[in-house]
Amino acid sequence: MAIRKLNNVLLKQIGELKKAGTLKKPELIICDVVRPKNDNGPRFKVEGYDQEFIKMNSNSYLGLSLRKDMIETEEAATKKYGVGPGAVRFISGSFDIHRKLEKELAKFHNMEEGMIFSSAYMTTLGVMVSLITPETIVVSDALNHNCIINAMKLGRPKAKYIYDHLDLEQLKDCLERAKGQCDRIIVVTDGIFSMRGEHAPLDKISEICEQYNEFFIEGVLLMVDDSHGVGSFGESGRGTIEFTNAKGVDVLVGTLGKAFGVNGGYTVTSKAIIEYLHQKAQTYIYSNPISPGEAATALKALQIITSEEGKVILSHLRAMTKRFKEGLVSLGYETLEGEHPVVPLMVRNTKETSEIVKFLEENGVLATGLNFPVVPKGDEEIRFQISGEHTKSDIDYVLSVLDEYKKL
Ligand SMILES: Cc1ncc(COP(=O)(O)O)c(C=O)c1O
């Protein structure tokens, strides 16, 4: 059978990954969640382990996904509309809750119109592939997310110009080089870069795009994928645009699956672009939307974020992030500046990164070790992600484990 031959080839390749030290660890299986009690945030039970874990590796930055009101909202919408969407929207119609969510997302980000997709990955693919023409050059930060890299491949632009991470002089050089070469430019960047929680200076990037706009017949479009920023960053959770006070972002992509605590992706932009995407975005046209229950719950998350309570959660998140960062520094660990709840502990050594992650795990803390080739050599780190449901005592416990490690 052909599959046996292929199985052997694939198993050999997996063996090579193992030899190279780049094989991914088996995934942990979470089998139960212990709700917050006393001074503790939630704890997670994992198959094969007796102890309970604090999650310091979740993207659910506001800790909304376990809330009673979120769960009840999903239950009510599911009872009303059923569990799944049934088909793609242009065939069997949109649920009113999908449209309402799109309108509210556009309002939240102060954009003309919104459109939801099954994930942010699918959003970026759908948007970029639709907007790239044979006369488009895409200018992209070297550390942009994998969905942007694949969108550039699928979109087949005239050329891709990649600038070194956050190097705005090189970004200008790329635009200079593109003059006279194409009709349309798409400058694309992550808002928050998820490995270290650093942000793109969107205020400066949008000024540069504006300066070069006149040199291209169809202009210089600025597209930002702020999946890690929306909901969790900026004074009111409106992400990197708010944090940098940027004025000229044309197309914003966000996820409903991180700070919003639900699932799905979206874009907000001009009415004309959304109208065009309805005709052209293949990951929208040929793929189901999120379920009505998810849409209703994302809407609920948006209501929470924009309420007084949302402000309190965001300010608690910032306080916990600060407490953890300051704690790391006082224990003699290296971290990087920034306010985003991704907190990197820079170890700068592969073996020690793995050792610390193992020690944390043995002591009931889940965090992500990032080694080469995920990060450049010398930048090996442990990525901690703070959440609005972490308590002071959770943060202090994780710091106490790291203190223990130092003393070994
Ligand atoms: C910049 C960026 N875009 C997209 C995604 C994917 O988000 P989703 O899970 O909604 O597809 C991520 C997730 O890590 C991300 O960091």
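**View 1. Helix 4 and helix 12 cross with left-handed geometry.** In this predicted model, the axes of helix 4 (residues 96-108) and helix 12 (residues 292-305) come within 9 Å and cross at roughly 30°. Angles under 35 degrees count as roughly parallel, and helix 4 and helix 12 are therefore roughly parallel to each other.

**View 2. Residues of helix 4 meet residues of helix 12.** Helix 4 contributes Ile97, His98, Lys100, Leu101, Glu104, Leu105 and Phe108. Their counterparts in helix 12 are Pro292, Ala295, Ala296, Ala298, Leu299 and Leu302. The residues of this contact comprise 10 nonpolar, 1 polar and 2 charged.

**View 3. An open sheet of 3 strands shows antiparallel pairing in the order 13-16-15.** Strand 13 (342-346) and strand 15 (368-370) stand at the edges; each has a single partner strand, so one side of each is left without a neighbour in the sheet. From one strand to the next, the twist averages 30°.

**View 4. Strand 13 pairs with strand 16 in the antiparallel sense.** The pairing of strand 13 with strand 16 (residues 381-385) extends over 5 bridges. Within strand 16, Gln385 is the bridge partner of Val342. In general, strands of a sheet pair through backbone hydrogen bonds, in either a parallel or an antiparallel manner.

**View 5. Helix 14 lies across strand 15 and strand 16.** Helix 14 spans residues 350-362 and runs at about 35° to strand 16.

Key: Residues numbered from 1 in each chain as written. Predicted model: local features only at pLDDT ≥ 70, side-chain atom pairs only at ≥ 80, totals over all residues. Axes fitted to C-alpha atoms, helices over the stretch in contact; angles between N-to-C directions. Helix = DSSP H or I, 4+ residues; strand = E, 2+ residues; numbered from the N terminus. Parallel < 35°, antiparallel > 145°, perpendicular 65-115°, else oblique. Left-handed = near helix turned anticlockwise from the far one by under 90°. Contact = placed C-beta atoms within 7 Å. Nonpolar A, V, L, I, M, F, W, Y, C, P; charged D, E, K, R; others polar. Pairing = 2+ DSSP bridges.
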